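Try each task before you read its solution.

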Amino acid sequence: MIVMLLSCCVLVLLATDPGVTAPTFIPEERSTPSPEAQFDLKLATDYLHQYYDLQHDLLVRVKRSEPALISKVKEMQMFFGLNSTGELDSETLEVMQSPRCGVPDVEEYSHIQSTRWNKNVITYRIGRYTRDLRRSTVDSLIESAFGVWARASGLTFIRTQTRNADIMVEFVTYAHGDFYPFDGPRGTLAHAFGPGTGAGGDTHFDDDERWTAGRTGFNLLLVAAHEFGHALGLKHSRNPESLMYPTYRAIRPTNLLSSEDVTNIKALYSPFRGPRNWLLRPLLPRLMQEKCAQDLTFDAVTTVGDATFFFRDRYLWIKHNVQSDIKEGPITNFMPTIETRIDAAFWIPRRSTAYLIHESTFWTVKGSVVRGKPRSLSFFGFPAWVQDVDATVHIVKTGRTLFFMHDIYWSYNENRKVMDFGYPRTISEDFPGVNATINAAFYKGDFIYFFVGPQVYKFDYSHRVVVGIETANSWLGC
Ligand code: ZN
Ligand code: CA
Ligand code: ZN
């Protein structure tokens, strides 16, 4: 009774002073909850709103006894294997205060779409960096985090600098352009969108955290590997051994994935899907052995983002430019609609697009997805008698694509979309030292690499001179 009287007096005093704005004070229960209890309740409602789809009006104070709240507390307790009492006990509150992933634990409210990427080569780009770590450290931790899933799934991740990469990786703070603002230090560490176009796959890290490569702060490799699980279509796991468990734990075994994580990613991306690939399987061992054969030649070679693609018959090797990792398999494993060999290929970085030529037709491959049906080579304005080409290369510096055929070549202006005047010209005149039919060519760092039989001529494009000769498969680590 005394307590009640006192609070009445305080209210009266505040209300009679016009200089002070009276707080709206609605006693929610018979006795006023302690500041600690109010803090806990606020923490719980915010947490359950964010991760368990608790519907609540932010202006109305939720009561502890609210059935909707109790049922959500129970749901959360069940997820984390706690006693499912519906009470905000200390164990429950401790979990709610643990730093964690921003992706909800319940599906109905989840912004993870339970889908998968319908391709095996997935591109990513690191946009905004954190200042907590050196750029090169961030690069290698992100690469390692993708590597965790690459090893388990057979997927290939290629870093690109183009804006339309599948997975955009960024360090941001508070509101950052999606509907899921970050919250300053601790709390939410990062979140990721499930596979899809637009924001699909995009992965954001809260740059108010202290990101590290070690045990202090938050380990970027651990958090990134978890988030990329979402970016590939995985949901949260209730198993504390799993990488996809929602809260952050610093100590982990060397193998980041639990057997559950491995089973789930394999179920989503089984490496051999459909009968077509089964038929091709007998081809694999023979081609794999040939990789280091002395006389190995390629049909087409092109850079694609930060990787280089090597085509031979219906087989493809993908080599990362930075690391020595090589992915290989039938072309259909990577681009299911392309069932033929590739004669020539080129890549236009600013369009993030590869063009793959087979006889008199070509495919457009954007962001590693084959777009539409193959088109006719006549699109480039060749005379009718040109029904195939040996090799193509796009020169970034000049915006030209060169098409090589026997001993002549054409130059196509990609900006104006017309053939340059005065072509075809003789290859040996403009590329001294390159005197035989070119099988494949690609452009990198102002050099054109001409694949002629089992050899590669490194051609200095500015000085028009061959500066080195190596074997073709030295590019594949042979
Ligand atoms: Zn998560
Ligand atoms: Ca945070
Ligand atoms: Zn975000």
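## Exercises

**Exercise 1.** Find the bridge partner of T303 in β10.

*Solution.* In this predicted model, T303 is bridged to T308 of β10. Now widen the view to the strands: β10 covers residues 307-312 and is joined to β9 by 5 bridges, the two running antiparallel.

**Exercise 2.** Work out the strand order of the open sheet of 4 strands, and say which strands are at its edges.

*Solution.* Step one: the order is β9-β10-β11-β12, and the pairing is antiparallel. Step two: β9 (300-304) and β12 (326-330) each pair on one side only, so these are the edge strands. Step three: from one strand to the next, the twist averages 20 degrees.

**Exercise 3.** List the residues that coordinate the calcium ion (ligand 2), then name the geometry of its site.

*Solution.* Start with the donors: D183 and D206 each contribute OD, E209 contributes OE, and G184, R186 and T188 each contribute O, at 2.2 to 2.4 Å. Next, check the angles: they span 82 to 178 degrees among the 6 donor atoms, and the site is octahedral. For comparison, ideal angles for six octahedral donors are 90 or 180 degrees.

**Exercise 4.** Why does the pair D183 and E209 tie together parts that are apart in sequence?

*Solution.* First, read the donor spacing, D-G-x1-R-x1-T-x17-D-x2-E. Then place the pair: D183 sits in the loop between β4 (167-172) and β5 (188-192), and E209 in the loop between β6 (203-206) and β7 (211-212), so the two link parts 26 residues apart in sequence. Finally, compare accessibility: D183 is partly exposed at 35%, whereas E209 is buried at 3%.

Definitions and conventions: Residues are numbered from 1 along each chain as its sequence is written. Chains are lettered from A and ligands numbered from 1 in the order in which they are written. This is a predicted model: local features need pLDDT of at least 70, side-chain atom pairs count only at pLDDT 80 or more; totals for chains, interfaces and linings use all residues. Side-chain values use heavy atoms; hydrogens and water are left out. Donors are N, O and S atoms within 2.8 Å of the metal (3.2 Å for Na, K and Ca); water is not among the atoms, so sites may look incomplete. Four donors count as tetrahedral if all angles lie between 85 and 135 degrees; four count as square planar and six as octahedral if opposite donors are over 155 degrees apart and all others between 65 and 115; anything else is irregular. Buried means under 20% relative accessible area, exposed over 50%, partly exposed in between (1.4 Å probe, protein chains only). Axes are lines fitted to C-alpha atoms, for helices over the stretch in contact, and angles run from 0 to 180 degrees between N-to-C directions.
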